[in-house]
Every structure is written in structure tokens, then in C-alpha cells.
Amino acid sequence: MMICRDAQLKKGEKVIKTSTEAVQLGVGQDPTGALSIPIYQTATFRHPRFGESTGYDYSRSGNPTRQVLEKGIARLDGGAGGFAYASGMAALTNLLLLFKPGDHLIVTEDLYGGTFRLLDKVFSQYRLAATFVDTSDLDQVTLAIKDETKAILLETPTNPLLKVADISRISAMAREKSLLTIVDNTFMTPYLQQPLAMGADLVVYSATKFLAGHNDVVAGLIVAKSEEMAERIYFLQNSVGAVLGPQDSWLVIRGMKTLGVRLDRQTENARTIACWLASHKAVRRVFYPGLETHPGHQLLKEQARGFGAMVSFEVMDKSMAEQILNKVRLVSFAESLGGVETLVTFPAFQTHADIDPAERERLGINERLLRLSVGIEDVDELLSDLEQAFIE
Ligand SMILES: *Cc1c(COP(=O)(O)O)cnc(C)c1O
């Protein structure tokens, strides 16, 4: 089909390196030669003698298992330092502690509901102000800059409408005005999109999603581009202490080894499903940047090497949306995304329930909108499951 023509993955040297580096996480890192990095389940470390350290003192400050993940994500994203947290929200909280009362941020408007809640209900209490704009429109970003503005926090593609922000242009503009550019790269991962190479200063992840990839662990990551920023983040990580435990660090490492093959398959499946939805009579609109009709298609094609595995679509009415949620069998009706299993969510009632209803409606997160996180199952089986779910 015409609109689906160039939704395929781009191949390239950088891509191959990223998937190879992901596979090799932890290999050759342990003194015993253990191929899989052991889970160093310890709170503290014995010092050889007074004034000496093995390099590890206490697991909040540094743990060998966690460090494999931290150094690994820094390498994958091309940053000076990586940091692992107990959740994506813990990582975002740590990031926001870079700012002071009175500071102002410009933030993508249709972003992850939890990030909106954190800014709107928690950090607002400490007078960290935020203006939410459509960051796919550079003019809106520029117009929102005030004297107090310190950073631009982008989610791209957005959740759940998959709008695409121009990372290179926004970070160039931000740099000129001495603002930081922070990208929540959860939907793309370094395998598909590399914000630091395009000028961003910081990348943040819910590693719970595509990075870990198996719907079995909650985790967050930050990557800082410069040494100086890495030092500031490390100080905050160690001071606040919402670190990822060794067991969970190991699970994320284990999941990340297959990042490349999972995302190749997920992206391919998502493309097929988006094309199928686009031709379905009961579907009003499909939001998938891989479709040529999507406003962010061209830009994402330039700044990423694939379109990802998130597909949102609008059906005729709320009862149709409910019916689909009730009838799917292979696809699970569940919150979250990015794992090998295909999930469907109802953003207005789940992930974005904290956003004011009128604002939700304005953004297009209405009660007809469903969001799919496409997994690695056989795509024909996914299609037949969806097909039967559409039939009353
Ligand atoms: C899930 C998610 C988060 C929050 O991460 P948790 O691991 O659930 O705390 C942040 N940003 C995006 C884009 C997400 O999808």
C-alpha cells in the first residue's frame, strides 16, 4: 500500500554497532570470566586496608552489576556517563533536581502522564514551573522561552499521538540560548534514535519499556553527554539514592542483549498492523509515524532509523473501543509498552487519566483512542486477533 511504502528500517554501520554493543553488555567485565555479569547482591564491600578501596564502597554509590548497565547505556547513547534508577519516574525526578525554585522548563504537551503529574503536582510545589507546548512546532517552543527558562524536555515521538519533534533544530536553538535539551527516548531507544549525537545534553529512559523489553522489571536510566553533566547527575543519584538494585540491573542487561532483533521485529510488525488499521472501515485515524500520511513521517525518517512499535488509532466511538479491549485474546489489555508481548491501552482512562479531561480532548487523547505496543508475536496471529475484536 502506498502510504506504507517506506516504513522499513534503515541499515547502517552505527546501527550494527549499537546492536553488537547491546549483545556484549557485561561480556569480559567480570574477573572470574563469567560471561553473564554476576548479580553482585551486596550492600557493602570489604576494604583491603586503611586508605584502600576495590573501587566499590557501598552499593548506593556503585555496584558492579549496575555499573555494567550504566557504562553500557552510556556507550550505546554516546554519552560520558550513564545512571540507573529504580524506575523511569525516579530517573526523571533525579533529572528535575538539576533545577532550582523559580526555574522554568518547556515540555512536550502530550507526554507520558506520569511525567506530567510529576511536574504538575510535585515539582510545582517547589516552584519549578513548566509550560507545555506542541514541540513538533519549533515556533511554539521558541515563543515559550522566558528569562527563567533553563531547559527543554522533549518526548519524541510523543505518547500517545506519536508527534515528532526536530531534535537537531531544537537543541541548536536551545544551545544558542544556553538552555539544556533533554530527550525522553523511551519509545525509540539508542538503537533507533540517538539524541545526544543530534545535540541533546541528556537522555532519559523508562528502561521498563523497550530497553528491558520483557514486561518483567521496572527501571529508569539517564545518559549525560558531557563529563561535567555526568558528575552533576552522579552527585544527585548518590545523594537521592533511588538506584536500581543488582537483580533488576541484571534483568535490564539481560533484556537489552536482544534489543536489535526485538526492535527489528516489533517495528516490522507495527508497520504491518498500522497499514492494516489504516484500511479498516471502523478506524477513523491511525497515528503511526511510519505511514507517509503522518505529519512527522519525513522528519522521523531523517532523525531515526526506524519508526518504532507504538501505534495509536481512533475508532468510531467509546463503545467500540471498549469492545476491542474486552474481546482481544492474544493481545493483552494492560498498561505499559515496549515488551515482547503486544499490549493495548486506553490512554484517556489509564496512562493519561491525570490530565484534565478538557485538555485531554484538546490534545486528541479522547475516549475513542487506543494505543498498541506491538510485540514480536507472529503478525498474522496479531492481525486475526484484532480482526475478531473489531467484529461485534
Ligand atoms: C513509562 C514511561 C515513563 C515512566 O517510567 P516508569 O519506568 O514507569 O517509572 C516515562 N516516560 C515514558 C515515555 C514512559 O513510557
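This report describes the ligand site and a selection of salt bridges in a predicted model.

## Basis of the model

Local features require pLDDT of at least 70 and side-chain atom pairs pLDDT 80 or more, whereas totals for chains, interfaces and linings use all residues. Residues are numbered from 1 along each chain as its sequence is written, and side-chain values use heavy atoms, with hydrogens and water left out.

## Ligand site

The ligand is surrounded by 14 residues, a residue being counted if one of its heavy atoms lies within 4 Å of the molecule. The closest are Gly88, Asp184, Ser206, Thr208 and Lys209. Helix H3 (residues 88–96) contributes three residues, the most to this shell; helices (H or I, at least four residues) and strands (E, at least two) are DSSP runs numbered from the N terminus.

A polar side-chain atom of Asp184 lies 2.8 Å from a ligand nitrogen atom. Polar side-chain atoms of Thr208 and of Lys209 each lie 2.7 Å from an oxygen atom of the ligand. Taken alone, the ligand exposes 380 Å², of which the protein buries 92% (Shrake-Rupley method, 1.4 Å probe).

## Salt bridges

The whole structure contains 13 salt bridges, each defined as a side-chain nitrogen of Lys or Arg within 4 Å of a carboxyl oxygen of Asp or Glu. Side chains of opposite charge can pair when their charged atoms come close.

One of these bridges joins Lys163 and Asp134, at 3.3 Å from N to O. Lys163 lies in the loop between strand E4 (149–155) and helix H6 (167–176), and Asp134 in the loop between strand E3 (129–133) and helix H5 (138–143), so the pair ties together parts that are 29 residues apart in sequence. Asp134 is buried at 14% relative accessible area, while Lys163 is partly exposed at 24%; buried means under 20%, exposed over 50%, and partly exposed in between (1.4 Å probe, protein chains only).

Lys121 and Asp120 form another bridge, with their closest N and O atoms 3.4 Å apart. Both partners are partly exposed, Lys121 at 47% and Asp120 at 34%.

Within helix H13 (residues 357–363), Glu359 and Arg362 are three residues apart, about one turn of the helix. Their salt bridge has its closest N and O atoms 3.0 Å apart. Glu359 is partly exposed, with a relative accessible area of 26%, whereas Arg362 is exposed at 52%. Salt bridges with shared partners join Glu109, Glu359 and Arg362 into one network.

Key: A polar contact is a pair of N or O atoms within 3.5 Å; within protein, one must be able to donate a hydrogen and the other to accept it, and residues adjacent in sequence count only if both atoms are side-chain atoms.
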